[in-house]
Amino acid sequence: MQKTLIRLASQIAPRQVSNFAYKQLLNPQVHKLRDFELAVLAQAQKERLAFQGFDIATYIWPGGPRKILLIHGWEGQAGNFGDIIKALRAANFTVLAFDAPSHGFSSKGKTSLFEFTDLVKFLIGTHEVKDLISHSFGGVATTYALSQLPAVNIDKYLLLTTPDRFTERIDDVSSQVGITEEVKNLLKQRLAAETGYDPRVLNVSDFVKQIKVKEGLIIHDKNDKVIPIERARNVVNNWPAGKMEEIEGTGHFRILRDEKVIKRILQFLKV
């Protein structure tokens, strides 16, 4: 019923619906963490970082000299990596993570890919990390950030599912809620006007051609309902340093706590 109403409203008042969709796109929802994930966060050294008008929650789990940065997805947060953090700590990594602007325990407000990307870029440069793990939309922010850091060399970069084209997210949201093609085009035009970036050029498959990564790996579930695997296949086909492993039985979110996936992560990092 709601989808039908939105489709009808899109035909009657496309600009108003576009404004509504724009607000939805730039105001991520915060999802509840599991008790275990909260317990993992409680073990971290926490700091607050003032960044572009946001109060950012950052986390460090001290370990050995090898540092790794974890980049969560859109509407995700650092705690989503709880099971992976536990395994990395046992392997003596120093683990760094954060909640992006308007995500997790960071302050709330209108945000976009660009604040997210700028924060990733800042943290990579500040902490001089050589290893990265991203989940979902975090792959867009990370590859874009690295493309803006030509002097930075990364040893290992692992993507747990990845989108490709930013416009595909707009297409997906539009399809889910019933937005018409006219409203979708208005939404893209507004994003370009207010951010200064054309959404059509924000593509992971283009960024990976530019980034300096010695060894990359994408792990993506064949039956991922959030990001179709064809998008990850296109990314790896354009990434000279990248490889891809297709798995089954984890979906989009459980991939973060699947025992076989975590074991493969450690193997990839050669722990």
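## Side-chain contacts at a glance

R34, E37 and D83 are linked in a network of salt bridges, a salt bridge being a side-chain nitrogen of Lys or Arg within 4 Å of a carboxyl oxygen of Asp or Glu. Keep in mind that this is a predicted model: local features need pLDDT of at least 70, side-chain atom pairs count only at pLDDT 80 or more, and totals for chains, interfaces and linings use all residues. Residues are numbered from 1 along each chain as its sequence is written, and side-chain values use heavy atoms, with hydrogens and water left out.

**Salt bridges**

- Searching the whole structure turns up 11 salt bridges. Side chains of opposite charge can pair when their charged atoms come close.
- In the E37–R34 bridge, the closest N and O atoms are 3.2 Å apart. E37 is buried, at 5% relative accessible area, while R34 is partly exposed at 32% (buried means under 20% relative accessible area, exposed over 50%, partly exposed in between, with a 1.4 Å probe and protein chains only).
- K214 and D155 meet through their side chains at 3.3 Å, N to O. This pair links distant parts of the chain, 59 residues apart: K214 sits in strand β7 (residues 213–221) and D155 in strand β6 (residues 154–160). Helices (H or I, at least four residues) and strands (E, at least two) are DSSP runs, numbered from the N terminus.
- K214 is exposed, with a relative accessible area of 64%, whereas D155 counts as partly exposed at 27%.
- E246 and R233 form a salt bridge at 2.8 Å, N to O. E246 belongs to strand β8 (residues 242–247) and R233 to helix α10 (residues 229–237), so the bridge ties together parts that are 13 residues apart in sequence.
- E246 is partly exposed at 33% relative accessibility, and R233 is partly exposed at 31%.

**Aromatic contacts**

- There are eight aromatic pairs in the structure. Rings of Phe, Tyr and Trp (its six-membered ring) pair if their centres lie within 6.5 Å; planes under 30 degrees apart count as stacked, over 60 as edge-to-face and the rest as tilted.
- F51 and F122 make a tilted pair, with 5.7 Å centre to centre and 45 degrees between the planes. F51 lies in strand β1 (residues 45–51) and F122 in helix α5 (residues 113–127), so this pair links distant parts of the chain, 71 residues apart.
- F51 is buried at 11% relative accessible area, but F122 is partly exposed at 36%.
- W74, F98, F116 and F137 come together as one aromatic cluster.

**Charge over a ring**

- K156 lies over the face of F268, at 4.9 Å from the ring centre. The cut-offs here: NZ of Lys or CZ of Arg within 6 Å of the ring centre and within 35 degrees of the ring normal.
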